Amino acid sequence: MTDRELLAEYTLKDSQQAFAALVDRHAGRVYSTCLRLLGEAHSAEDAAQATFLVLARKARGLPPSTVLAGWLYTVARSVALNLRRETARRVRREREAAGMRSPETVSAEGSWALVRPQLDAALAALPEAQREVLLLRCCYGRSEAEAAAELGWGRSRVSMTLSRALERMRGLLARRGVTVPATALFGMLATGAGAAEAPAALLATLKGLGAGAASASAVSLAEGTMKAMVMAKIKLVAAIVAAVAAAGSGGLLAAQLAAGEPAAPAPRATAPAAPAGPAAPAPASNQWVKLEKADCGRGDAPLVYEPGLGRFMALGGSIGSSYYPKPHPFDELALDLAAGQWENWLPPGKAWGPQFGDCKAPAWKSESWGLTDAEGNCRPNVTRYTGVKYGNQYALDPDSKRVFFYVMGSTFSYDPAARVWKDLAPASHPGGVGGTLYWGSMCYMPNIRKVVLFGGANVQTERGDPGTWTYDPAANVWEALKPDRQPPQRALSPLVYDPVSGRAVLFGGDALNALLADTWTFDGRKWEERKPALSPSPRGGHALVWLPVAKKVLLLGGWGYDSGVGYYPALYRYRPLEAWTYDTAADRWEFIASWDKNAPPSGADLARGGAIRAAAGADDSVLVLSANTWLCRLDVSRPDAAGAERLGAKPGAVERRKETYDPEWYKGAPAADPAKVEAELKALPANTWTARPAPRQPQMGAGWGTAIYSPERDLIMRFSGGHCYYSGTAPQVYDVKTGRWSIPFAPEMPLDFCTTNEQVLNGNFSPGEWSLTGSPWISGHTYKTTGYEPETKTLIYAAKAFTYFFDPAAGRWSRNDKPSPFLPNMYVTTLCGTPQGVMAWAERARYETGLFLLDPKARTWSPVGVKGKLPAVSADCHGMVWDTKRARLLLFSSADKEHGGDVMACDPKTGEVKWLEAAGREKARVNAREATYLADCDMVMLGGQATGEGGKLLSLVYDCEKNAWLGAELAGANPIGKGAFNVDLGLMYDPNRKLVWAVNCYNQVHVLRFDPKTAGLQEIK
């Protein structure tokens, strides 16, 4: 018979045989508990009598769901502690502890002699359900099936709860200075905390308690204990009523999770309750609850669970200078689960705000990255204009109990207990080779006592990533490892340490042109690619966390690709939130659940390609920080095989963007007819812009830049965009002969592109240069930083420190070996092809420009001596062409205050420069970025317009022979539009056909046959 059946037999039929059976079953454990706490046999016998006397008197009021083993332990401990206080036997207990009959079993790091004095305090601190399972399995020696029957649970829940109980027990003992290996604790408890042999006389006495017989001392102890139980119940009911009234069902869940109580069909009551309104239902497993009062004001803050404090913590993140002065919580926060709110984790002695709510802490002197605020406190700057790119570049070290960061090229740490930041400033670091690392991942590996870093981009190595590095917190040293094999490059692919296998696990991530679905492990020295039968689908921005109870890696969330075009295009897509687990030893992924509503988003801030922030507590409760705070008790014991087949993928699968981002998409256009194209071009009417059809035209939005024409290859090539337009690494190529567009490869897209390429990857602000494939990052805008090099027949790009060469025949980029001698400034650098080579009009020093000549074979630039001052420059306002007839450079600028609208001639051989004082210059002050020399008519056409007779818009041309500005009346679909200038225009001259080509933002091709005799040339009004 089970305990419940025996208890029912006693309470319903007053069966003394049933009571005696319960005594036989539990007396040894009760006596052992009392003996441990009191250390003296006579007192232990009194306490055991009192415990069973309480049972005899309270049995009829116990609810049917009572687990007697746990209930008796709780009463026995209470009785023993009361007796110990009353008789002041603490000193004698310690003196006689060596005489206790509990056996001692030595483990690797601790012994039963050390555990025994702390055992009961730790047991009492466990949640009720965990304590009951641990007592039944360890102390009573019940099998998993027997314990399940006693509890009315399934066996898997017994196993999971026991695992949680042991892990929590270890933590509780560790706080008391006793370290016990998980593998040893179960056996130690089974051996040391089992039943002591109760004296025969005591057993006889206990069996008579069911009929009311008891000693006077036992009666006194029992009555005192029952009074204490009543008072405790009154306090508990009052606390629950207050908590439910304050927090609602979300608060109830938070309170249960804070207590570490596993999800159950319904909460157990300790006594019959008076009728009340409908109770809040107990939360089911794998259901997310939004903590309504836990809004921390930002979703990109690094999130950790600090087991020593038992708190989830949000550390720093990005707020922005414009938002920081507004009311907001503190930068560092700790989640108070009982209150369901984020607590301001203020530094010691700083009265910057209340425990909860908005704070007013010191700001920083500027928006620049740094670790010192305006008052000199060490704190990471959360107000940086473009945000702080944390990615997954932080890791909690449970040994030192600090969180380590490698962010913005700085190595720093945070001590959650002391609430102190520290700038560690090691001698070298992974970004020391050049560039600032973004989108990487870190985790701490206790087996080597180091932090491992892998992934990310924007550093100047041949791989475009740092490879594998480790950081030694004790020595404050970074070290680059050289393993024989490493995972391919990727971004936002988190690392997590699996303490069972002693390996770090990595899954998937974003190769920036493909999402990955591969699994790798790292043992501290070697990487190994794993080959599970099935894996999660390709994704980026997901979270990997370790579940300490389930002892598996949890994958949560992650986004897929979108193929949006236009301004600020959608490049990432939300997918339903998914949970998968990975068993490292078995090399097995299992699908747990997915949620498409009532759950946090699967990725954070997809417009910026952000990562989901997740952390797991000691009891496998998982917290996700997005725009809100979400909490879930995950039960991973019932994987969904059908769901895995439906949603999973083969290891190594990839996901790519489609259509305009896919090189294969362009090959699906109808077959070209070059003869027809040539005939149409020959038949073009004069002075009329004509839009050319293209069956598959790039639509990515290539604004704020130009295009170049290759007469030798008969190609238009374009590397243009930036800011919130196209920011990929692949140029667009138009074959004039066929009228067909193509791209050479799937472009890599920088994460957080709308600000990254402008403020982070642009050479003006950060030395980030090339992508994971060695292709150049597009700058914030490209303006006139691209040009054509005729000897190598390549498109060149010089917005950055290095110069890049795109060979359309090979379909790839290459670069020179040394940085350019001019400043990398996308706003100023202007390129122009000449018979001597490409010329660059660029900054020699800030606000001081010069000319530079490219040697195409050596790929080196050399300065051109200029005798005089070049025109003033500004974005979009200046341009340069080669005057073939006179072998000179012509420079234009509307930004020059004194000479705006005039033309400067430069002889590159002598360096002589002079203003030509062109006629009509006062009216020709329009943006001159797009300028092309028309050799057949000896004129320069600008991509700008001015007003003529009757208010007509005229296309601006410069007549080299007459040294005069004129306006031309052009018909058709003018690509400039109705304004004076189009920032998205690329203007080129085709000497083979004597045509002018133009492309607009979305790569619509226009062509013009210019005839000055019939163009209605006139003065500008």
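The Glu167 side chain forms a salt bridge with that of Arg170, at 3.5 Å from N to O. Both residues sit in helix α9, three residues apart, which means about one helical turn lies between them. Arg170 is partly exposed as well, at a relative accessible area of 25%.

Glu167 also meets Lys551 in a salt bridge, with an N to O distance of 3.8 Å. This pair links distant parts of the chain, 384 residues apart. Lys551 lies in the loop between β20 (543-547) and β21 (552-556), while Glu167 belongs to α9. Lys551 has 36% relative accessibility, so Lys551 counts as partly exposed.

## Helix α9

Helix α9 covers residues 155-175. Its 21 residues should span 30 Å at 1.5 Å a residue, and the end C-alpha atoms are 30 Å apart, so the two values agree. Buried residues in α9 include Arg157, Val158, Met160, Leu162, Leu166, Met169, Leu172 and Leu173. Arg164 is also among the buried residues of α9. Just after the helix, Gly177 adopts a positive phi of about 85°.

## Other salt bridges

The whole structure holds 44 salt bridges. One of them joins Asp373 and Arg379, whose closest N and O atoms are 2.8 Å apart. Are these two residues buried or exposed? Asp373 is buried, at 2% relative accessibility. Arg379 is buried too, at 4%.

Elsewhere, shared partners tie several salt bridges into one network. Its members are Asp883, Lys885, Arg886, Arg888, Asp938 and Glu961.

## Strand β30

Strand β30 (residues 688-692) pairs with two strands, β51 and β54. With β51 (residues 971-972) the pairing is parallel, over two bridges. Here Thr688 stands opposite Ala971. With β54 (residues 1005-1008) the pairing is antiparallel, over three bridges. In that pair, Thr690 faces Val1007.

## Confidence

The chain has an average pLDDT of 86, and 88% of the residues score at least 70. Over residues 89-110, however, pLDDT is below 50. That stretch still has 42 contacts in the model beyond near neighbours in sequence. Residues 762-766 also stay under 50, with 19 contacts beyond four places in sequence. Where pLDDT is low, the predicted coordinates should not be read in detail.

How values were computed: Residues are numbered from 1 along each chain as its sequence is written. This is a predicted model: local features need pLDDT of at least 70, side-chain atom pairs count only at pLDDT 80 or more; totals for chains, interfaces and linings use all residues. Side-chain values use heavy atoms; hydrogens and water are left out. pLDDT is the predictor's confidence in each residue, from 0 to 100. Contact means heavy atoms within 4.5 Å. Helices (H or I, at least four residues) and strands (E, at least two) are DSSP runs, numbered from the N terminus. The expected span of a helix is 1.5 Å times one less than its number of residues. Buried means under 20% relative accessible area, exposed over 50%, partly exposed in between (1.4 Å probe, protein chains only). Two strands pair if DSSP finds at least two bridges between them. A salt bridge is a side-chain nitrogen of Lys or Arg within 4 Å of a carboxyl oxygen of Asp or Glu.
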